[in-house]
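Here's a quick briefing for you.

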Amino acid sequence: MKLPALIAAVLVATTLTTTTAAASPAPSPRPVVKCEFTPTPENPAAKPVRIPSANARAKGTVDVYFVTNYGPFVVRMDRANAPCGVHNFVHLVKSRFYDATQCFRLTNSARLGVLQCGDIYRQEEGGPGYKFPDEVTGQETYPRGTVAYGNQGPGTNGSEFFVVHSFANISPNYTVLGHVIAGMSTFDRMVAAGIADPDQDGPPAKPIRIYKVWTH
(Lines give C-alpha, C1' and ligand atoms only; values in the text may rest on other atoms or scores of the structure.)
Protein backbone atom coordinates (compact mmCIF):
# COMPACT_ATOMS: atom_id res chain seq x y z
CA MET A 1 0.00 0.00 0.00
CA LYS A 2 1.35 3.41 -0.93
CA LEU A 3 1.90 6.12 1.66
CA PRO A 4 -1.08 8.36 0.69
CA ALA A 5 -3.43 5.38 0.98
CA LEU A 6 -1.97 4.48 4.38
CA ILE A 7 -2.46 8.03 5.63
CA ALA A 8 -6.04 8.00 4.40
CA ALA A 9 -6.61 4.71 6.21
CA VAL A 10 -5.32 6.23 9.46
CA LEU A 11 -7.66 9.19 9.17
CA VAL A 12 -10.66 7.00 8.37
CA ALA A 13 -9.92 4.63 11.27
CA THR A 14 -9.57 7.48 13.72
CA THR A 15 -12.76 9.14 12.50
CA LEU A 16 -14.68 5.90 13.03
CA THR A 17 -13.22 5.60 16.51
CA THR A 18 -13.79 9.12 17.72
CA THR A 19 -16.87 10.60 16.05
CA THR A 20 -19.24 9.19 18.67
CA ALA A 21 -17.49 11.00 21.51
CA ALA A 22 -19.30 13.74 23.39
CA ALA A 23 -18.67 17.37 22.48
CA SER A 24 -15.53 18.83 24.01
CA PRO A 25 -16.02 21.06 27.06
CA ALA A 26 -15.14 24.74 26.91
CA PRO A 27 -11.41 25.45 27.26
CA SER A 28 -10.13 25.89 30.79
CA PRO A 29 -6.75 26.84 32.25
CA ARG A 30 -4.16 24.17 31.47
CA PRO A 31 -2.09 23.02 34.41
CA VAL A 32 1.62 22.91 33.71
CA VAL A 33 4.40 20.89 35.31
CA LYS A 34 8.17 21.30 35.21
CA CYS A 35 10.19 18.54 33.58
CA GLU A 36 13.87 17.74 34.00
CA PHE A 37 15.70 16.74 30.82
CA THR A 38 19.35 15.87 31.37
CA PRO A 39 21.87 15.77 28.49
CA THR A 40 23.68 12.47 27.93
CA PRO A 41 26.97 13.41 26.22
CA GLU A 42 28.08 9.79 26.53
CA ASN A 43 25.09 8.92 24.33
CA PRO A 44 24.70 11.79 21.85
CA ALA A 45 21.57 12.27 19.78
CA ALA A 46 21.12 9.76 16.97
CA LYS A 47 19.23 12.40 14.97
CA PRO A 48 19.32 16.19 15.19
CA VAL A 49 16.99 17.18 18.03
CA ARG A 50 17.00 19.79 20.77
CA ILE A 51 16.20 19.16 24.41
CA PRO A 52 12.49 19.88 25.01
CA SER A 53 11.35 22.90 26.98
CA ALA A 54 10.94 22.35 30.72
CA ASN A 55 7.24 23.24 30.78
CA ALA A 56 4.74 20.48 30.01
CA ARG A 57 0.97 20.54 29.85
CA ALA A 58 -0.57 18.21 32.40
CA LYS A 59 -4.13 18.06 31.09
CA GLY A 60 -5.86 16.60 28.06
CA THR A 61 -4.91 14.09 25.41
CA VAL A 62 -3.11 14.13 22.09
CA ASP A 63 -3.50 11.67 19.22
CA VAL A 64 -0.34 10.43 17.52
CA TYR A 65 -0.61 8.91 14.04
CA PHE A 66 1.84 6.31 12.74
CA VAL A 67 2.24 4.92 9.22
CA THR A 68 4.30 1.73 8.91
CA ASN A 69 5.02 -0.79 6.18
CA TYR A 70 2.46 -3.10 7.86
CA GLY A 71 -0.26 -0.49 8.06
CA PRO A 72 -1.30 2.52 10.18
CA PHE A 73 -2.18 2.90 13.83
CA VAL A 74 -3.17 5.73 16.15
CA VAL A 75 -2.19 6.24 19.80
CA ARG A 76 -4.10 8.46 22.21
CA MET A 77 -1.63 9.82 24.78
CA ASP A 78 -2.71 11.05 28.21
CA ARG A 79 -0.96 14.21 29.38
CA ALA A 80 -2.39 13.91 32.89
CA ASN A 81 -0.87 10.48 33.42
CA ALA A 82 2.58 11.28 32.01
CA PRO A 83 2.90 15.01 31.29
CA CYS A 84 6.67 15.01 30.77
CA GLY A 85 6.61 11.77 28.81
CA VAL A 86 3.90 12.93 26.44
CA HIS A 87 5.53 16.36 26.14
CA ASN A 88 8.77 14.65 25.12
CA PHE A 89 7.10 12.30 22.67
CA VAL A 90 5.26 15.13 20.92
CA HIS A 91 8.52 17.10 20.80
CA LEU A 92 10.29 14.17 19.11
CA VAL A 93 7.43 13.70 16.67
CA LYS A 94 7.51 17.38 15.70
CA SER A 95 11.30 17.08 15.31
CA ARG A 96 10.67 14.15 12.91
CA PHE A 97 12.84 11.95 15.10
CA TYR A 98 10.74 8.83 14.46
CA ASP A 99 10.25 9.33 10.73
CA ALA A 100 12.02 6.79 8.49
CA THR A 101 13.12 4.52 11.35
CA GLN A 102 12.96 0.81 12.13
CA CYS A 103 11.65 -1.18 15.09
CA PHE A 104 14.40 -3.61 16.00
CA ARG A 105 12.72 -5.82 18.62
CA LEU A 106 9.58 -7.93 18.47
CA THR A 107 8.62 -10.37 21.21
CA ASN A 108 5.88 -12.98 21.41
CA SER A 109 6.76 -15.13 24.40
CA ALA A 110 4.63 -16.43 27.27
CA ARG A 111 5.76 -13.45 29.38
CA LEU A 112 6.08 -10.60 26.90
CA GLY A 113 4.37 -9.60 23.67
CA VAL A 114 5.59 -6.18 22.52
CA LEU A 115 7.01 -4.26 19.60
CA GLN A 116 9.93 -2.02 20.63
CA CYS A 117 10.72 1.08 18.60
CA GLY A 118 12.44 4.44 18.93
CA ASP A 119 16.03 3.21 19.31
CA ILE A 120 17.41 4.57 16.06
CA TYR A 121 20.59 2.55 15.44
CA ARG A 122 19.67 -0.89 16.76
CA GLN A 123 17.97 -2.42 19.79
CA GLU A 124 18.52 -0.08 22.79
CA GLU A 125 21.00 2.11 20.90
CA GLY A 126 20.39 5.52 19.39
CA GLY A 127 18.46 7.95 21.60
CA PRO A 128 17.80 11.70 21.57
CA GLY A 129 20.90 12.77 23.52
CA TYR A 130 19.11 13.32 26.84
CA LYS A 131 17.14 11.43 29.49
CA PHE A 132 14.35 12.20 31.95
CA PRO A 133 12.71 10.63 35.04
CA ASP A 134 10.00 7.98 35.14
CA GLU A 135 6.36 8.85 35.76
CA VAL A 136 5.08 5.73 37.50
CA THR A 137 2.95 4.99 40.56
CA GLY A 138 3.86 1.33 41.01
CA GLN A 139 0.32 0.32 40.02
CA GLU A 140 0.87 0.27 36.27
CA THR A 141 -0.37 -2.63 34.16
CA TYR A 142 0.32 -3.23 30.47
CA PRO A 143 -2.62 -4.84 28.65
CA ARG A 144 -2.94 -5.17 24.88
CA GLY A 145 -2.72 -1.80 23.18
CA THR A 146 -0.67 -0.10 25.91
CA VAL A 147 2.08 2.25 24.74
CA ALA A 148 4.89 2.96 27.21
CA TYR A 149 8.48 4.14 27.36
CA GLY A 150 11.22 1.55 27.37
CA ASN A 151 14.27 2.19 29.52
CA GLN A 152 17.61 0.81 30.67
CA GLY A 153 16.95 1.48 34.35
CA PRO A 154 15.28 4.14 36.51
CA GLY A 155 15.30 7.64 35.05
CA THR A 156 16.67 6.70 31.62
CA ASN A 157 13.69 7.55 29.42
CA GLY A 158 14.49 9.02 26.03
CA SER A 159 13.02 8.01 22.69
CA GLU A 160 12.56 4.25 23.08
CA PHE A 161 8.97 3.05 23.43
CA PHE A 162 7.01 -0.17 23.13
CA VAL A 163 3.51 -1.19 22.10
CA VAL A 164 1.90 -4.23 23.75
CA HIS A 165 0.38 -6.42 21.04
CA SER A 166 -0.81 -9.16 23.42
CA PHE A 167 0.20 -8.74 27.09
CA ALA A 168 3.25 -7.80 29.14
CA ASN A 169 3.81 -9.50 32.48
CA ILE A 170 6.42 -7.00 33.65
CA SER A 171 7.11 -4.89 36.72
CA PRO A 172 5.41 -1.46 36.87
CA ASN A 173 8.62 0.37 36.01
CA TYR A 174 7.64 1.77 32.63
CA THR A 175 5.88 5.09 32.07
CA VAL A 176 2.54 4.60 30.31
CA LEU A 177 1.96 7.14 27.55
CA GLY A 178 -1.43 5.97 26.35
CA HIS A 179 -3.18 3.33 24.29
CA VAL A 180 -3.74 2.38 20.67
CA ILE A 181 -7.23 3.53 19.64
CA ALA A 182 -7.10 2.36 16.02
CA GLY A 183 -4.98 -0.08 14.06
CA MET A 184 -4.25 -3.03 16.38
CA SER A 185 -4.59 -5.27 13.31
CA THR A 186 -1.32 -3.70 12.13
CA PHE A 187 0.47 -5.37 15.05
CA ASP A 188 -1.27 -8.67 14.40
CA ARG A 189 0.22 -8.63 10.90
CA MET A 190 3.68 -7.86 12.30
CA VAL A 191 3.49 -10.79 14.71
CA ALA A 192 2.20 -13.13 12.01
CA ALA A 193 5.23 -12.27 9.85
CA GLY A 194 7.46 -13.86 12.51
CA ILE A 195 10.51 -13.23 14.66
CA ALA A 196 14.08 -14.09 13.67
CA ASP A 197 14.85 -15.77 17.00
CA PRO A 198 13.79 -19.19 18.33
CA ASP A 199 13.08 -17.66 21.73
CA GLN A 200 10.54 -15.30 20.16
CA ASP A 201 12.43 -12.22 21.35
CA GLY A 202 14.57 -10.46 18.78
CA PRO A 203 14.55 -8.83 15.35
CA PRO A 204 11.40 -9.15 13.25
CA ALA A 205 11.74 -11.75 10.51
CA LYS A 206 10.96 -8.98 8.04
CA PRO A 207 11.93 -5.36 8.80
CA ILE A 208 9.29 -3.22 10.49
CA ARG A 209 9.59 0.36 9.26
CA ILE A 210 7.97 3.54 10.55
CA TYR A 211 7.49 5.83 7.58
CA LYS A 212 5.86 8.84 9.18
CA VAL A 213 4.57 10.03 12.56
CA TRP A 214 2.53 13.15 13.29
CA THR A 215 0.16 14.54 15.91
CA HIS A 216 -3.37 15.91 15.72
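A residue counts as buried when its relative accessible area is under 20%. Keep in mind that this is a predicted model. By that cut-off, 7 of the 8 residues of strand 4 (residues 61-68) are buried, so strand 4 is largely enclosed by the rest of the structure.

**Strand 4 and its partners**
- Strand 4 runs antiparallel to strand 5 (residues 71-78), and 8 bridges join the two.
- Getting from strand 4 to strand 5 takes a hairpin of 2 residues.

**Disulfides**
- Cys35 and Cys84 make one of them, with sulfur atoms 2.1 Å apart; the link is left-handed, at -95° about the S-S bond.
- That pair links distant parts of the chain, 49 residues apart: Cys35 sits in the loop between strand 1 and strand 2, and Cys84 in helix 2 (residues 83-94).
- Cys35 is buried at 10% relative accessible area, and Cys84 is buried at 12%.
- Cys103 is joined to Cys117, S to S 2.1 Å; the torsion about that S-S bond is about 100°, so this disulfide is right-handed.
- Cys103 lies in strand 6 and Cys117 in strand 8, so the pair ties together parts 14 residues apart in sequence.
- Cys103 is buried, with a relative accessible area of 2%, and Cys117 counts as buried at 2%.

Note on methods
Residues numbered from 1 in each chain as written. Predicted model: local features only at pLDDT ≥ 70, side-chain atom pairs only at ≥ 80, totals over all residues. Heavy atoms only, no water. Buried < 20%, exposed > 50% of the residue type's maximum accessible area, 1.4 Å probe, protein only. Helix = DSSP H or I, 4+ residues; strand = E, 2+ residues; numbered from the N terminus. Pairing = 2+ DSSP bridges. Disulfide = S-S within 2.5 Å.
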